[in-house]
Amino acid sequence: MRHLRSQIGWLTGILFAICVQPVLAQPVTTPSTFLLDATLLASNKARLQQGDASLQAARKSLLAQADNLLTKPAHSVVEKTKTPPSGDKHDYMSVGPYWWPDSTKPGGLPYIRKDGQINPDRYAIQDGTYLNALCDDVQTLALSYYFSNDDKYARRAAELLRTWFLDKETRMNPNLNYGQAIPGITEGRGIGLIDTRMLAKLVDAVQLLNGSPAWPKQDQTALQAWFRQFLTWMLTSPIGKDEADEHNNHGTYYDFQTVAFALFLQDKTMAKQLIEQNTYKRIQSQLKEDGSQPHELARTLSWNYSVMNFKGFLGVALLAKNVGIDLLNYETSDGKSLKKAYQWLLPYAEGQKPWPFQQIKAMHPEEFMPVPFIVNARFNTGTAPNKSPARTPGSPVFVLTNALF
């Protein structure tokens, strides 16, 4: 009996030791993101696995957001009640935001422009609303998968991606022929491509799904095929070429998209060529020697557009790091640079100077909030802000990733 009790005690001790043994952290691999800082992602994941309390709240909040997305309906372009001129609801469609019916004309046609004043009728076609939500949701889900290793988040992200891009019944055609139409004037414009600018964020987030059984290689290949078609359309179609020729934020975000898509397609040669052929010229044409942006300052929402355009340039600069180009510190022969553009905006964001340009809506300095953190973390500018710009509490995505978008 004593021998039996001894054996039971020995076995109980072994089982107890197994139960209290800490679960070994899974090896942390550096993801293949090209917009988000892959090194920071891996570092923060390792810190979380080691129990870093400073990141736990952000991770918990991120996963809570992702949990809410698990049952959110998956939308597609075919849901709209209006049909594009092509007769195919698979074509993306939107109406220019600043165009309104002309009360002096029968039926209000053609529409007239009121810069900075959004016509709420634009939202009757929800393709743009659904697309922006898709980009946000895929990023949230992909990051949640990366930081939790829970495949339920990858599965949901995969469902959303297949619905919008891959499934025959619901997929969007890879073009933007009917973006930002103007009733009575045009069925679609090059500047409609501003609608899709956050697809750059989406394809970067997709890189976090690699390795998940929920996102097999054939899906990654199929999505790359979609973006190869879309990129070809952007580079070769009349509408795409028209957007490439824009000399304000539209041109900047054209580069942001094309370079991101080239990197998603693992074509670094093309990405580098696009920057060298297009973005260098935009720095020359869009900036003044003091760093101001005259095309954006001419708008009725001059602060909004100045910040928006600089963020676009900074986004391209983050992408350019993948091909060995330091775009933020690049300077033209006559002294124009993104670094000067950053330094020009910073005092207004910090409240050191009043904004002297037209701004028909309230100015929000916090819109500039992520920029100083990203500039000083990822570029050697030799400058730092005098103080943090007015800011709202950091989102969990920003705390964990320092994401610009």
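Colleague: Helices are DSSP runs of H or I, at least four residues, numbered from the N terminus. With that settled, which helix does Asp219 lie in?

Modeller: Asp219 lies in helix α7. Keep in mind that this is a predicted model.

Colleague: Is Asp219 buried or exposed?

Modeller: Buried. Its relative accessible area is 12%, and the cut-off for buried is under 20%.

Colleague: What does Asp219 touch?

Modeller: Arg162, Leu166 and Ala214. That leaves out residues up to four places away in sequence.

Colleague: Zoom out for a second. How many helices and strands does the chain have?

Modeller: The chain has 15 helices and four strands. Its C-alpha atoms fill a box of roughly 105 × 55 × 40 Å along the principal axes.

Colleague: How much of the chain is buried?

Modeller: Buried residues make up 52% of the 405 residues. As for contacts between residues at least 6 apart in sequence, 73% join residues at least 24 apart.

Colleague: Back to α7. At what angle do α7 and α9 pack?

Modeller: About 145 degrees, with the axes 10 Å apart. The crossing is left-handed.

Colleague: Which residues make the contact?

Modeller: From α7, they include Leu223, Phe227, Phe230, Leu231 and Met234. From α9, they include Tyr254, Gln257, Phe261 and Phe264. By class, the contact has 10 nonpolar, four polar and no charged residues.

Colleague: Now the rings. How many aromatic pairs does the structure hold?

Modeller: It holds 24. One of them is Phe227 with Phe261. Their centres are 5.0 Å apart and their planes are at 50 degrees, so the pair is tilted.

Colleague: Is Phe373 buried or partly exposed?

Modeller: Phe373 is partly exposed, at 28% relative accessibility. Phe398 is buried, at 8%.

Colleague: Which residues do ring pairs link into a cluster?

Modeller: Trp303, Phe310, Tyr342, Trp344, Tyr348, Trp355, Phe357 and Phe368.

Colleague: What about charges over rings? Where does the charged end of Lys114 sit?

Modeller: Over the ring of Trp100, 5.0 Å from its centre. The charged end of Lys321 sits over the ring of Phe379, 5.1 Å from its centre.

Colleague: Last topic, α5. Which of its residues are buried?

Modeller: In α5 (residues 151-166), the buried ones include Asp151, Tyr153, Arg156, Leu160, Leu161, Trp164 and Phe165.

Colleague: And what covers the buried residues of α5?

Modeller: The cover includes α3 (53-69), α4 (127-148), α6 (199-206) and α7.

Technical notes: Residues numbered from 1 in each chain as written. Predicted model: local features only at pLDDT ≥ 70, side-chain atom pairs only at ≥ 80, totals over all residues. Heavy atoms only, no water. Phe/Tyr/Trp six-rings, centres within 6.5 Å; stacked < 30°, edge-to-face > 60°. Buried < 20%, exposed > 50% of the residue type's maximum accessible area, 1.4 Å probe, protein only. Lys NZ or Arg CZ within 6 Å of the ring centre and 35° of its normal. Helix = DSSP H or I, 4+ residues; strand = E, 2+ residues; numbered from the N terminus. Contact = heavy atoms within 4.5 Å. Axes fitted to C-alpha atoms, helices over the stretch in contact; angles between N-to-C directions. Left-handed = near helix turned anticlockwise from the far one by under 90°. Nonpolar A, V, L, I, M, F, W, Y, C, P; charged D, E, K, R; others polar.
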